[in-house]
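Dear colleague,

Please find below the structure that I am handing over to you, together with its sequence. My findings follow directly after it.

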Amino acid sequence: MICSEYHGVWVFAEQTDGRLSTVSLELLGKGRDLANSLNTQLSAIFLGSRIETMAHELIHYGAEKVYVADEPNLGSYTTGAYTSVIAKQVLESKPEIMLFGASDIGRDLAPRVAKRLGTGLTADCTELAIEKESGLLLSTKPGYGSSMMYTFVCAQSRPQMATVRPSVMQALEKDTKRKGQIIHIPVRLEATDMPVKIVNRVKQARKGAKLEEARIIVGAGMGVGSAEKFAVIHQLAEALGAEVGVTKDPLDEGWITGDCMIGQTGKTVKPELYIACGISGAIQHISGIWDSDTIVAINTDPRADIFGIADYGIVGDLHEVLPMLIEEINKRRRV
Ligand code: FAD
(Lines give C-alpha, C1' and ligand atoms only; values in the text may rest on other atoms or scores of the structure.)
Protein backbone atom coordinates (compact mmCIF):
# COMPACT_ATOMS: atom_id res chain seq x y z
CA MET A 1 0.00 0.00 0.00
CA ILE A 2 1.46 3.37 -1.03
CA CYS A 3 -0.01 5.90 1.41
CA SER A 4 0.82 8.90 -0.76
CA GLU A 5 -1.62 7.65 -3.42
CA TYR A 6 -4.56 8.25 -1.06
CA HIS A 7 -6.28 11.66 -1.04
CA GLY A 8 -9.47 13.18 0.27
CA VAL A 9 -11.74 12.86 3.28
CA TRP A 10 -14.76 10.56 3.04
CA VAL A 11 -17.82 10.29 5.22
CA PHE A 12 -20.13 7.30 5.17
CA ALA A 13 -23.58 8.89 4.98
CA GLU A 14 -26.15 6.76 6.72
CA GLN A 15 -29.88 6.64 6.03
CA THR A 16 -32.68 4.53 7.40
CA ASP A 17 -36.16 4.50 5.91
CA GLY A 18 -35.33 7.48 3.74
CA ARG A 19 -34.05 9.61 6.64
CA LEU A 20 -30.47 10.82 6.75
CA SER A 21 -28.90 10.24 10.14
CA THR A 22 -27.90 13.34 12.07
CA VAL A 23 -24.47 11.93 12.81
CA SER A 24 -23.70 11.80 9.08
CA LEU A 25 -24.34 15.55 8.84
CA GLU A 26 -22.19 16.12 11.93
CA LEU A 27 -19.41 14.11 10.30
CA LEU A 28 -19.62 16.25 7.18
CA GLY A 29 -19.11 19.29 9.44
CA LYS A 30 -15.99 17.76 10.99
CA GLY A 31 -14.89 16.33 7.65
CA ARG A 32 -14.97 19.87 6.23
CA ASP A 33 -12.46 21.00 8.90
CA LEU A 34 -10.18 18.03 8.26
CA ALA A 35 -10.34 18.50 4.48
CA ASN A 36 -9.52 22.20 4.86
CA SER A 37 -6.51 21.35 7.05
CA LEU A 38 -5.27 18.93 4.40
CA ASN A 39 -6.26 21.16 1.50
CA THR A 40 -8.22 18.31 -0.02
CA GLN A 41 -11.79 17.40 -1.01
CA LEU A 42 -14.66 16.24 1.19
CA SER A 43 -16.82 13.44 -0.20
CA ALA A 44 -19.67 11.29 1.06
CA ILE A 45 -20.43 7.71 0.14
CA PHE A 46 -24.14 7.02 0.25
CA LEU A 47 -25.91 3.67 -0.13
CA GLY A 48 -29.59 2.87 -0.36
CA SER A 49 -32.52 2.58 -2.71
CA ARG A 50 -34.09 5.64 -4.40
CA ILE A 51 -31.82 8.05 -2.58
CA GLU A 52 -30.93 10.56 -5.30
CA THR A 53 -32.82 13.46 -3.64
CA MET A 54 -31.13 12.85 -0.30
CA ALA A 55 -27.75 12.78 -2.03
CA HIS A 56 -28.23 16.46 -2.90
CA GLU A 57 -28.92 17.15 0.76
CA LEU A 58 -25.39 15.90 1.56
CA ILE A 59 -24.01 18.54 -0.79
CA HIS A 60 -26.05 21.18 1.04
CA TYR A 61 -24.30 20.06 4.23
CA GLY A 62 -20.80 20.36 2.81
CA ALA A 63 -19.92 17.35 0.62
CA GLU A 64 -18.19 18.31 -2.63
CA LYS A 65 -18.73 14.87 -4.15
CA VAL A 66 -21.30 12.22 -3.28
CA TYR A 67 -20.65 8.64 -4.40
CA VAL A 68 -24.13 7.11 -4.67
CA ALA A 69 -24.86 3.38 -4.78
CA ASP A 70 -28.58 3.20 -5.51
CA GLU A 71 -29.90 -0.36 -5.69
CA PRO A 72 -32.97 -2.20 -4.31
CA ASN A 73 -30.70 -4.64 -2.45
CA LEU A 74 -29.17 -1.72 -0.55
CA GLY A 75 -32.56 -0.36 0.59
CA SER A 76 -32.15 -1.87 4.05
CA TYR A 77 -28.75 -2.10 5.68
CA THR A 78 -27.03 -5.47 5.62
CA THR A 79 -23.41 -5.87 6.65
CA GLY A 80 -22.24 -7.97 3.72
CA ALA A 81 -23.71 -5.90 0.90
CA TYR A 82 -22.66 -2.53 2.34
CA THR A 83 -19.14 -3.77 3.14
CA SER A 84 -18.69 -5.08 -0.37
CA VAL A 85 -19.85 -1.89 -2.13
CA ILE A 86 -17.85 0.46 0.11
CA ALA A 87 -14.64 -1.59 0.10
CA LYS A 88 -14.65 -1.83 -3.71
CA GLN A 89 -15.17 1.91 -4.11
CA VAL A 90 -12.51 2.79 -1.56
CA LEU A 91 -10.00 0.57 -3.36
CA GLU A 92 -10.81 2.43 -6.57
CA SER A 93 -11.00 6.02 -5.27
CA LYS A 94 -8.38 5.78 -2.49
CA PRO A 95 -9.51 8.30 0.15
CA GLU A 96 -6.95 8.99 2.87
CA ILE A 97 -9.50 9.38 5.68
CA MET A 98 -12.83 7.66 6.12
CA LEU A 99 -15.33 8.48 8.89
CA PHE A 100 -18.38 6.58 10.10
CA GLY A 101 -20.91 7.47 12.79
CA ALA A 102 -20.62 5.35 15.93
CA SER A 103 -24.27 4.41 15.43
CA ASP A 104 -25.56 0.83 15.46
CA ILE A 105 -24.92 0.62 11.72
CA GLY A 106 -21.55 2.42 11.81
CA ARG A 107 -20.29 0.27 14.67
CA ASP A 108 -21.18 -2.85 12.71
CA LEU A 109 -19.98 -1.68 9.31
CA ALA A 110 -16.73 0.21 9.95
CA PRO A 111 -14.77 -2.74 11.45
CA ARG A 112 -15.83 -4.97 8.54
CA VAL A 113 -14.73 -2.41 5.99
CA ALA A 114 -11.43 -1.85 7.84
CA LYS A 115 -10.75 -5.59 7.90
CA ARG A 116 -11.62 -5.95 4.20
CA LEU A 117 -9.21 -3.11 3.36
CA GLY A 118 -6.49 -4.23 5.77
CA THR A 119 -6.35 -0.87 7.53
CA GLY A 120 -6.73 0.44 11.08
CA LEU A 121 -9.84 1.83 12.79
CA THR A 122 -10.19 3.92 15.92
CA ALA A 123 -13.66 3.35 17.31
CA ASP A 124 -15.89 5.71 19.28
CA CYS A 125 -13.82 8.86 18.88
CA THR A 126 -14.77 12.09 20.58
CA GLU A 127 -12.18 14.30 18.87
CA LEU A 128 -10.49 14.34 15.46
CA ALA A 129 -7.71 16.60 14.22
CA ILE A 130 -4.87 16.69 11.72
CA GLU A 131 -1.29 16.61 13.00
CA LYS A 132 0.41 19.60 11.40
CA GLU A 133 3.84 18.09 10.73
CA SER A 134 2.76 14.69 9.40
CA GLY A 135 -0.75 15.38 8.08
CA LEU A 136 -1.90 12.26 9.93
CA LEU A 137 -5.36 11.95 11.45
CA LEU A 138 -5.29 12.19 15.25
CA SER A 139 -8.21 10.17 16.63
CA THR A 140 -8.96 10.69 20.30
CA LYS A 141 -11.22 8.57 22.50
CA PRO A 142 -11.69 7.83 26.21
CA GLY A 143 -9.71 4.82 27.40
CA TYR A 144 -11.49 1.68 28.51
CA GLY A 145 -11.67 1.39 32.27
CA SER A 146 -9.42 4.38 32.93
CA SER A 147 -9.77 8.10 33.31
CA MET A 148 -7.42 8.89 30.41
CA MET A 149 -8.10 10.10 26.89
CA TYR A 150 -5.98 8.38 24.21
CA THR A 151 -4.98 9.65 20.77
CA PHE A 152 -4.28 7.16 17.99
CA VAL A 153 -2.66 7.48 14.57
CA CYS A 154 -2.77 5.04 11.71
CA ALA A 155 0.62 5.73 10.16
CA GLN A 156 1.15 2.89 7.73
CA SER A 157 -2.14 1.98 6.12
CA ARG A 158 -4.95 3.80 4.33
CA PRO A 159 -7.59 4.97 4.64
CA GLN A 160 -7.23 6.16 8.23
CA MET A 161 -10.60 5.17 9.65
CA ALA A 162 -12.59 6.31 12.66
CA THR A 163 -16.08 6.01 14.05
CA VAL A 164 -17.34 9.12 15.80
CA ARG A 165 -19.97 9.36 18.47
CA PRO A 166 -23.26 11.07 17.62
CA SER A 167 -23.83 14.57 19.06
CA VAL A 168 -20.11 15.27 19.46
CA MET A 169 -19.33 17.10 16.20
CA GLN A 170 -21.13 20.10 14.78
CA ALA A 171 -22.98 19.96 11.44
CA LEU A 172 -22.61 22.93 9.09
CA GLU A 173 -25.64 25.12 8.46
CA LYS A 174 -27.60 23.73 5.53
CA ASP A 175 -26.91 25.82 2.43
CA THR A 176 -28.90 24.94 -0.67
CA LYS A 177 -26.55 27.09 -2.75
CA ARG A 178 -23.62 24.71 -2.18
CA LYS A 179 -22.71 22.93 -5.39
CA GLY A 180 -21.25 19.45 -5.72
CA GLN A 181 -21.00 16.41 -7.91
CA ILE A 182 -23.08 13.23 -7.72
CA ILE A 183 -21.19 10.16 -8.91
CA HIS A 184 -23.17 6.94 -9.41
CA ILE A 185 -21.30 3.81 -8.40
CA PRO A 186 -22.02 0.65 -10.38
CA VAL A 187 -23.27 -1.99 -7.91
CA ARG A 188 -22.35 -5.62 -8.54
CA LEU A 189 -23.41 -7.79 -5.63
CA GLU A 190 -22.64 -11.52 -5.53
CA ALA A 191 -24.75 -14.02 -3.57
CA THR A 192 -21.85 -14.25 -1.09
CA ASP A 193 -22.24 -10.52 -0.35
CA MET A 194 -25.79 -11.14 0.85
CA PRO A 195 -25.77 -14.08 3.23
CA VAL A 196 -28.45 -12.38 5.34
CA LYS A 197 -31.99 -11.62 4.17
CA ILE A 198 -34.17 -9.20 6.09
CA VAL A 199 -37.51 -10.91 6.50
CA ASN A 200 -39.30 -8.34 8.64
CA ARG A 201 -38.54 -5.14 10.52
CA VAL A 202 -40.42 -4.17 13.65
CA LYS A 203 -40.16 -0.64 14.97
CA GLN A 204 -39.69 -0.40 18.72
CA ALA A 205 -42.40 1.76 20.25
CA ARG A 206 -40.88 4.76 22.02
CA LYS A 207 -42.50 7.41 24.11
CA GLY A 208 -40.79 10.75 24.56
CA ALA A 209 -37.74 12.17 22.84
CA LYS A 210 -34.58 10.28 21.99
CA LEU A 211 -31.98 10.77 24.73
CA GLU A 212 -29.60 12.37 22.24
CA GLU A 213 -32.22 15.00 21.43
CA ALA A 214 -33.70 15.49 24.91
CA ARG A 215 -33.72 19.02 26.39
CA ILE A 216 -33.74 17.80 29.97
CA ILE A 217 -32.33 14.51 31.26
CA VAL A 218 -32.56 13.06 34.75
CA GLY A 219 -29.47 10.87 35.08
CA ALA A 220 -29.57 8.09 37.66
CA GLY A 221 -26.75 6.05 39.14
CA MET A 222 -26.10 3.43 41.78
CA GLY A 223 -26.92 5.95 44.47
CA VAL A 224 -30.61 5.36 43.68
CA GLY A 225 -30.26 2.10 45.61
CA SER A 226 -32.58 -0.43 43.94
CA ALA A 227 -35.06 -1.04 41.11
CA GLU A 228 -37.99 -0.14 43.36
CA LYS A 229 -36.41 3.15 44.35
CA PHE A 230 -36.20 4.26 40.69
CA ALA A 231 -39.81 5.48 40.99
CA VAL A 232 -38.60 8.84 42.31
CA ILE A 233 -36.36 9.30 39.24
CA HIS A 234 -39.32 8.73 36.91
CA GLN A 235 -41.45 11.11 38.99
CA LEU A 236 -38.86 13.88 38.65
CA ALA A 237 -38.58 13.21 34.91
CA GLU A 238 -42.34 13.42 34.55
CA ALA A 239 -42.54 16.67 36.53
CA LEU A 240 -39.88 18.23 34.28
CA GLY A 241 -40.94 16.66 30.98
CA ALA A 242 -37.50 15.04 30.94
CA GLU A 243 -36.02 11.75 29.72
CA VAL A 244 -34.28 9.29 32.03
CA GLY A 245 -30.69 8.21 31.39
CA VAL A 246 -28.50 6.00 33.55
CA THR A 247 -24.95 4.98 34.28
CA LYS A 248 -23.83 1.49 33.31
CA ASP A 249 -24.13 -0.09 36.73
CA PRO A 250 -27.92 0.19 37.34
CA LEU A 251 -28.45 -1.36 33.90
CA ASP A 252 -26.07 -4.20 34.73
CA GLU A 253 -27.96 -4.69 37.99
CA GLY A 254 -31.23 -4.89 36.05
CA TRP A 255 -32.74 -1.97 37.99
CA ILE A 256 -33.86 -0.46 34.72
CA THR A 257 -34.03 -1.75 31.13
CA GLY A 258 -33.88 -0.11 27.73
CA ASP A 259 -31.53 1.83 25.54
CA CYS A 260 -30.79 4.52 28.12
CA MET A 261 -27.14 4.19 29.13
CA ILE A 262 -25.13 7.38 28.86
CA GLY A 263 -21.36 7.45 28.51
CA GLN A 264 -18.44 5.91 26.72
CA THR A 265 -20.24 2.72 25.74
CA GLY A 266 -23.66 4.33 25.77
CA LYS A 267 -25.07 7.52 24.34
CA THR A 268 -23.56 10.97 24.11
CA VAL A 269 -26.07 13.61 25.16
CA LYS A 270 -26.14 17.40 25.17
CA PRO A 271 -29.28 18.54 26.98
CA GLU A 272 -29.87 22.03 28.30
CA LEU A 273 -30.15 20.50 31.78
CA TYR A 274 -28.65 17.26 33.14
CA ILE A 275 -29.55 16.31 36.70
CA ALA A 276 -27.12 13.66 37.96
CA CYS A 277 -28.69 11.74 40.85
CA GLY A 278 -26.47 9.38 42.82
CA ILE A 279 -23.77 9.35 40.13
CA SER A 280 -20.11 9.34 41.21
CA GLY A 281 -18.71 10.92 38.03
CA ALA A 282 -16.58 8.14 36.47
CA ILE A 283 -14.90 9.27 33.22
CA GLN A 284 -16.82 6.59 31.31
CA HIS A 285 -20.04 8.36 32.26
CA ILE A 286 -18.75 11.94 32.12
CA SER A 287 -17.51 11.49 28.55
CA GLY A 288 -21.16 11.21 27.51
CA ILE A 289 -22.40 14.39 29.25
CA TRP A 290 -19.57 16.94 28.69
CA ASP A 291 -21.64 19.02 26.32
CA SER A 292 -24.66 19.48 28.61
CA ASP A 293 -25.38 23.19 29.07
CA THR A 294 -26.03 22.92 32.82
CA ILE A 295 -25.23 20.02 35.11
CA VAL A 296 -26.81 19.69 38.55
CA ALA A 297 -25.41 16.94 40.78
CA ILE A 298 -27.02 15.40 43.85
CA ASN A 299 -24.74 13.15 45.86
CA THR A 300 -24.23 12.25 49.51
CA ASP A 301 -20.43 12.35 49.13
CA PRO A 302 -19.09 15.94 48.95
CA ARG A 303 -15.85 14.59 47.38
CA ALA A 304 -17.63 12.80 44.51
CA ASP A 305 -15.96 13.57 41.14
CA ILE A 306 -19.29 14.61 39.63
CA PHE A 307 -19.11 17.86 41.63
CA GLY A 308 -15.92 18.70 39.69
CA ILE A 309 -17.92 19.19 36.49
CA ALA A 310 -21.30 20.21 37.94
CA ASP A 311 -22.55 23.80 37.65
CA TYR A 312 -24.68 23.29 40.77
CA GLY A 313 -24.10 20.70 43.48
CA ILE A 314 -26.41 19.46 46.21
CA VAL A 315 -24.74 17.37 48.90
CA GLY A 316 -27.51 15.18 50.21
CA ASP A 317 -29.54 12.00 49.95
CA LEU A 318 -31.41 11.99 46.64
CA HIS A 319 -34.36 10.29 48.32
CA GLU A 320 -34.75 13.35 50.52
CA VAL A 321 -33.82 15.99 47.91
CA LEU A 322 -35.87 14.74 44.95
CA PRO A 323 -39.28 14.56 46.67
CA MET A 324 -38.80 18.18 47.77
CA LEU A 325 -37.78 19.17 44.26
CA ILE A 326 -40.73 17.35 42.68
CA GLU A 327 -43.16 18.96 45.13
CA GLU A 328 -41.76 22.42 44.37
CA ILE A 329 -41.88 21.88 40.58
CA ASN A 330 -45.46 20.59 40.72
CA LYS A 331 -46.47 23.49 42.99
CA ARG A 332 -45.07 26.02 40.49
CA ARG A 333 -46.72 24.23 37.59
CA ARG A 334 -50.10 24.53 39.32
CA VAL A 335 -49.70 28.30 39.83
P1 FAD B 1 -20.96 4.56 41.62
O2 FAD B 1 -19.62 4.86 41.10
O3 FAD B 1 -21.11 3.39 42.52
O4 FAD B 1 -21.49 5.87 42.34
C5 FAD B 1 -22.65 5.94 43.11
C6 FAD B 1 -22.69 7.33 43.73
O7 FAD B 1 -23.90 7.51 44.40
C8 FAD B 1 -21.58 7.57 44.76
O9 FAD B 1 -20.86 8.75 44.41
C10 FAD B 1 -22.32 7.74 46.07
O11 FAD B 1 -21.72 8.71 46.91
C12 FAD B 1 -23.67 8.23 45.59
N13 FAD B 1 -24.78 7.91 46.48
C14 FAD B 1 -25.01 6.77 47.19
N15 FAD B 1 -26.19 6.84 47.83
C16 FAD B 1 -26.73 8.03 47.52
C17 FAD B 1 -27.94 8.70 47.86
N18 FAD B 1 -28.87 8.10 48.63
N19 FAD B 1 -28.16 9.93 47.38
C20 FAD B 1 -27.26 10.55 46.60
N21 FAD B 1 -26.08 9.99 46.24
C22 FAD B 1 -25.82 8.73 46.68
N23 FAD B 1 -20.42 3.84 32.97
C24 FAD B 1 -21.31 4.65 32.40
O25 FAD B 1 -22.07 5.35 33.09
N26 FAD B 1 -21.41 4.73 31.02
C27 FAD B 1 -20.62 4.01 30.21
O28 FAD B 1 -20.74 4.12 28.99
C29 FAD B 1 -19.64 3.14 30.81
N30 FAD B 1 -18.79 2.42 30.03
C31 FAD B 1 -17.84 1.65 30.65
C32 FAD B 1 -16.93 0.95 29.86
C33 FAD B 1 -15.95 0.17 30.47
C34 FAD B 1 -15.00 -0.58 29.61
C35 FAD B 1 -15.87 0.10 31.87
C36 FAD B 1 -14.83 -0.71 32.54
C37 FAD B 1 -16.76 0.79 32.65
C38 FAD B 1 -17.77 1.57 32.06
N39 FAD B 1 -18.69 2.26 32.83
C40 FAD B 1 -19.58 3.08 32.21
C41 FAD B 1 -18.77 2.11 34.30
C42 FAD B 1 -18.06 3.21 35.04
O43 FAD B 1 -16.68 2.90 35.13
C44 FAD B 1 -18.60 3.36 36.46
O45 FAD B 1 -18.55 2.12 37.11
C46 FAD B 1 -20.04 3.86 36.48
O47 FAD B 1 -20.21 4.99 35.68
C48 FAD B 1 -20.40 4.21 37.92
O49 FAD B 1 -21.78 4.39 38.02
P50 FAD B 1 -22.41 5.19 39.21
O51 FAD B 1 -21.85 6.56 39.27
O52 FAD B 1 -23.87 5.02 39.04
O53 FAD B 1 -22.00 4.31 40.48
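Helices, like strands, are DSSP runs numbered from the N terminus, and a helix here has at least four residues. The model is a predicted one.

With that numbering, helix 2 covers residues 52-60. Its buried residues are Met 54, Ala 55, Leu 58, Ile 59 and His 60. An α-helix has 3.6 residues a turn, so residues three or four places apart point the same way. Helix 2 is followed by Gly 62, which has a positive phi, near 120°.

I turn next to strand 6, residues 97-101. Five of its five residues are buried, which leaves the strand mostly covered. Ile 97, Leu 99 and Gly 101 lie on one side of strand 6, with Met 98 and Phe 100 on the other, and both faces are covered. Strand 6 runs parallel to strand 1 (residues 9-13), to which three bridges join it. Within this pairing, Met 98 of strand 6 has Trp 10 opposite. Strand 6 is also parallel to strand 11 (residues 160-164), here through five bridges. Gly 101 has Val 164 of strand 11 as its bridge partner.

A separate topic is the open sheet formed by three strands in the order 8-9-10, where the pairing is antiparallel. Strand 8 (127-130) and strand 10 stand at the edges with a single partner strand each, so one side of each has no neighbour in the sheet. On average, neighbouring strands of this sheet are turned by 20° against each other, direction ignored. Helix 1 (residues 22-38) packs on the sheet and touches strand 8 and strand 9. The direction of helix 1 makes about 15° with that of strand 8.

Within the sheet, four bridges pair strand 9 (residues 137-142) with strand 10 in the antiparallel sense. Pro 142 is found opposite Met 149 of strand 10.

Strand 10 (residues 149-152) also contains Phe 152. Is this residue buried, partly exposed or exposed? Phe 152 has a relative accessibility of 39%, and buried would require under 20%, exposed over 50%. Phe 152 therefore counts as partly exposed. Together with Met 148 and Tyr 150, Phe 152 forms a nonpolar patch on the surface, and the accessible area of the three together is about 300 Å².

Yours sincerely,
A colleague

Methods. Residues are numbered from 1 along each chain as its sequence is written. This is a predicted model: local features need pLDDT of at least 70, side-chain atom pairs count only at pLDDT 80 or more; totals for chains, interfaces and linings use all residues. Side-chain values use heavy atoms; hydrogens and water are left out. Patches are made of residues with over 30% relative accessible area and no salt bridge: like charges are joined within 9 Å, nonpolar side chains (Val, Leu, Ile, Met, Phe, Trp, Tyr) within 5 Å. Accessible areas come from the Shrake-Rupley method with a 1.4 Å probe; for residues, only the protein chains shown count as cover. A salt bridge is a side-chain nitrogen of Lys or Arg within 4 Å of a carboxyl oxygen of Asp or Glu. Helices (H or I, at least four residues) and strands (E, at least two) are DSSP runs, numbered from the N terminus. Buried means under 20% relative accessible area, exposed over 50%, partly exposed in between (1.4 Å probe, protein chains only). Two strands pair if DSSP finds at least two bridges between them. Axes are lines fitted to C-alpha atoms, for helices over the stretch in contact, and angles run from 0 to 180 degrees between N-to-C directions. Contact means heavy atoms within 4.5 Å.
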